[in-house]
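Work through the exercises below with the sequence and the 3D structure at hand. Each task is followed by a solution in steps.

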Amino acid sequence: MSESIFLDTINGIKRERPPVWFMRQAGRVLPSYMKLREKYGFKEMMENPDLAAQVTLLPIHDLGVDAAILFSDILVIPEALGMELSFEGKGPSFSTALKDVADPLSFLTDKPEKLEHIYKAIDCILETKPNEIPLIGFCGGPLTTLCYMYQGFSRNQNFPDFVPAIYRDKALMKKVVAKITEMSIHYALKQVEHGVKAFQLFETHAGLIPVELYKEVFLPSVKAILGAVREAGVKTIYLPKGLGTGINMVNHDLCDCVSVDWQMPLHEVRGIVGEEMILQGNFDPRILEATPQAIDQEFEYFLNYGRKDHKWIFNLGHGLLPSIPVANVEYLVKKVKEADWGR
């Protein structure tokens, strides 16, 4: 057994309990993060390696989770493809979106140097983190990244211009996806080179289009990115939020671990993806806006599940919401750590 309960579990080694970490754990639920935000802008914190390292490690110290995830954003890939990104106002936006460009392929230009500050942040995290805490790297899934690149803003999560554009010119979209894939592989392998111990692909908007269309246009890219990371010897996690029945396309050839949203119970997912796959997640983050009693009630299912299946990492069906009281997150971590998992 290693020092890390997270790494043991993702390697299929049975431990006394499931490891616990949360998507969006280094963010607005933490008072310590909000304190930093009074002084620094989001982009400033992301681009300053010391600050990014500090924020990455806040949930380790404040919540006691078992893994750290790099504090960054999925939209660094569009930036590395020459798009100008701003986080002013309510969320990210691009000065020019692909929908407003006559020729998206010639508009996109490779600028991998725009990612250098992230590798410096990783170096900084590894120098300052506790030994038993592994660092998880990540990037956005190809569909999700392209949604934002094409639409140019994030306030309408239906991306009204994007989906018709796929149907209008699928061949062009596949070429743009190829550019995103190439830069994502470069970025992922650099993260591995700098020392991340696992890598997660966030396909937040997998449910935006029909499963068959996702399979044709985007799944080959997912396979290429995660395959490159696996070849480099690092375990891979794939979050296809909203993929629904498309989970039957997710098998051990694609990734080591699938992160499950809240739509389908874990035991059903296990039946579909097989025994070899590590599972992660599935706890609905919105429960954490309720009471400790409601958390207790929901937790029972996961406790019973985790007693039977040691190949599972405790996480949420999606990220922590800013409206969640930090006390409820602390309460849940304590429950995971102190429960009798019968192992």
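**Exercise 1.** Which residues of helix 15 are buried?

Solution. This is a predicted model: local features need pLDDT of at least 70, side-chain atom pairs count only at pLDDT 80 or more, and totals for chains, interfaces and linings use all residues. Residues are numbered from 1 along each chain as its sequence is written, and side-chain values use heavy atoms, with hydrogens and water left out.

Step 1: locate helix 15, residues 326-338. Helices (H or I, at least four residues) and strands (E, at least two) are DSSP runs, numbered from the N terminus.

Step 2: pick out the residues that are buried (under 20% relative accessible area, 1.4 Å probe, protein chains only). In helix 15 these are Val 326, Asn 328, Val 329, Leu 332, Val 333 and Val 336.

Step 3: find their cover, where contact means heavy atoms within 4.5 Å. It includes helix 2 (31-39), helix 4 (49-63) and helix 14 (292-308).

**Exercise 2.** Give the order of the strands in the open sheet.

Solution. Step 1: count two strands as paired if DSSP finds at least two bridges between them.

Step 1: read the order of the 7 strands, 1-4-5-6-7-8-9, with parallel pairing.

Step 2: identify the edges, strand 1 (68-69) and strand 9 (312-313), each of which pairs on one side only.

Step 3: examine one pair. Strand 4 (residues 135-140) and strand 5 (residues 198-203) are joined by 5 bridges, and Cys 139 stands opposite Leu 201 in strand 5.

Notes: The expected span of a helix is 1.5 Å times one less than its number of residues. Buried means under 20% relative accessible area, exposed over 50%, partly exposed in between (1.4 Å probe, protein chains only).
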